[in-house]
Amino acid sequence: MYWCIVWSYHLCKCGSKGKLRERWFPMQATLKTYCSVGSLGILALLFVMAPASSYAQQYPRWEVFTGFSYAHVNLGQQTGTFQPTDKNYYGIHVNGSFNPRSYLRVILCDFSVQIGNTAAANLAPEKGDVRTSQVLFGPEFIRRSRKSAAFAHALIGVTNTRLVGTLGGVDVIPDIANRTNLAFGVGGGLDFHLTQLLALRAIQADYIPTRLSGSWESDFRASTGIVFRFNYRKAR
């Protein structure tokens with residue numbers, strides 16, 4: 001294709017000066033036609049490829065998320081132990097991840113803790129609360145674009161529920177009751193890029209089935225916050 005462009009250039013140049021040798025006249029029209037089509041083809045190809053090369057995606061190797069977390073918790077047969085006043089819990093959510101590929105994120109640790117109220121009467125004069133936490137890990141798949149990143153994951157780990165007595169905001173009876181149970185986390189979310197180092201996690205929603213006292217209970221969690229991103233690499 002390179003030689004077609006060169007020959008097309010010389011043919012046009014020489015033809016305009018009337019110095020084209022006689023032996024090239026039979027080939028002039030054919031060469032001009034092929035080279036014109038070839039040149040247009042190259043230009044079209046470059047035009048199509050330009051956005052991909054200009055906006056070659058990069059991705060962070062490490063990401064850390066932190067933010068607000070809400071959980072709807074069903075304690076099942078353990079309700080009598082913890083005596084929650086409702087199923088709504090509020091707290092924080094933190095996770096750290098490693099990205100071996102632009103489309104794959106490995107959640108090294110997904111940790112969240114939420115606090116709810118309890119009606120337990122044996123805590124007087126202390127105030128009691130129920131604290132539920134989740135520790136999960138596993139793979140997460142990402143669809144990245146220039147402005148956002150959508151993701152979905154399937155995680156495994158444990159949940160822990162504690163009944164704690166406090167006085168003046170200080171834990172005075174740390175473990176009146178304590179239960180740890182098998183759990184899974186299935187969900188996803190959407191991040192919006194703010195800068196190269198920061199992203200806004202508009203939403204992360206998870207269905208968290210938990211094994212409690214021989215039966216499965218359905219918990220739900222929603223989070224929002226900020227993602228910190230480090231050590232960028234070219235997408236592969």
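## A strand residue to start with

N231 sits in strand β8. Its phi is near 55°, a positive value in a residue other than glycine. With a relative accessible area of 39%, N231 is partly exposed. Keep in mind that this is a predicted model.

S213 is another residue to look at for its backbone. S213 is not a glycine, yet it has a positive phi of about 50°. You'll find S213 in the loop between β7 and β8, and at 42% relative accessibility S213 is partly exposed.

## The overall layout

Now for the chain as a whole. It has three helices and eight strands, and reading along the sequence gives the pattern α-α-β-α-β-β-β-β-β-β-β. Of the 236 residues in the chain, 36% are buried.

Take the contacts between residues at least 6 apart in sequence: 63% of them join residues at least 24 apart. As for the surface, the chain exposes about 13500 Å², and 65% of that comes from carbon and sulfur atoms.

The structure holds seven salt bridges. One of them joins the side chains of R105 and E140, at 2.5 Å from N to O. This pair links distant parts of the chain, with R105 in strand β3 (residues 104–117) and E140 in strand β4 (residues 127–144), 35 residues apart. Are these two buried or exposed? R105 has a relative accessibility of 2%, so it counts as buried, and E140 is buried too, at 3%. Both belong to a network of salt bridges that links E63, R105, E140 and R144.

D110 and R221 also meet through their side chains in a salt bridge, 3.2 Å from N to O. D110 is in strand β3 and R221 in strand β8, so this pair ties together parts that are 111 residues apart in sequence. D110 is buried at 1% relative accessibility, and R221 is buried at 2%. A further salt bridge runs between the side chains of D129 and R131 (2.9 Å, N to O), and both of those residues are buried.

## The nonpolar core and a buried glycine

In soluble globular proteins, nonpolar side chains tend to be buried together. Here, the largest nonpolar core has nine residues: A71, V73, L75, F82, Y89, A120, V130, L163 and A177. Which residues does A71 contact, leaving aside its neighbours within four places in sequence? They are K87, N88, Y89, Q114, F220 and R221. Y89 is itself a member of the core, while R221 is the salt-bridge partner of D110.

G185, in strand β6, is buried, with a relative accessible area of 0%. Not counting residues up to four places away in sequence, G185 touches L136, H153, A154, L155, Y207 and I208. The C-alpha atoms of G185 and G138 are 9.2 Å apart, though 47 residues separate the two along the chain.

## Aromatic pairs

There are five aromatic pairs in the structure. W62 and F98 make a tilted one, 4.8 Å centre to centre with 50° between the planes. Why does this pair tie together separate parts of the sequence? W62 lies in strand β1 and F98 in strand β2, so the pair joins parts that are 36 residues apart in sequence. W62 is partly exposed, at 39% relative accessible area, and so is F98, at 24%.

The rings of F184 and W216 have centres 5.9 Å apart and planes at 35°, so this pair is tilted as well. It links distant parts of the chain, F184 in strand β6 (residues 170–193) and W216 in strand β8, 32 residues apart. F184 is partly exposed at 29% relative accessibility, and W216 is partly exposed at 43%. Elsewhere, ring pairs link F68, Y70 and Y90 into a cluster.

## A nonpolar patch on the surface

Finally, the outside. A nonpolar patch on the surface is formed by W62, V64, I92, V94, L108, F192, L194, L197, L198, L200, F228 and F230, with about 1000 Å² of accessible area together. The elements giving two or more residues to the patch are β1 (58–72), β2 (88–101), β7 (198–212) and β8 (215–234).

One of the patch residues is I92, found in strand β2. At 46% relative accessibility, I92 is partly exposed.

Key: Residues are numbered from 1 along each chain as its sequence is written. This is a predicted model: local features need pLDDT of at least 70, side-chain atom pairs count only at pLDDT 80 or more; totals for chains, interfaces and linings use all residues. Side-chain values use heavy atoms; hydrogens and water are left out. Patches are made of residues with over 30% relative accessible area and no salt bridge: like charges are joined within 9 Å, nonpolar side chains (Val, Leu, Ile, Met, Phe, Trp, Tyr) within 5 Å. Accessible areas come from the Shrake-Rupley method with a 1.4 Å probe; for residues, only the protein chains shown count as cover. A salt bridge is a side-chain nitrogen of Lys or Arg within 4 Å of a carboxyl oxygen of Asp or Glu. Helices (H or I, at least four residues) and strands (E, at least two) are DSSP runs, numbered from the N terminus. Buried means under 20% relative accessible area, exposed over 50%, partly exposed in between (1.4 Å probe, protein chains only). A nonpolar core is a set of buried Ala, Val, Leu, Ile, Met, Phe, Trp, Tyr and Cys residues joined through side-chain atoms within 4.5 Å. Contact means heavy atoms within 4.5 Å. Rings of Phe, Tyr and Trp (its six-membered ring) pair if their centres lie within 6.5 Å; planes under 30 degrees apart count as stacked, over 60 as edge-to-face and the rest as tilted.
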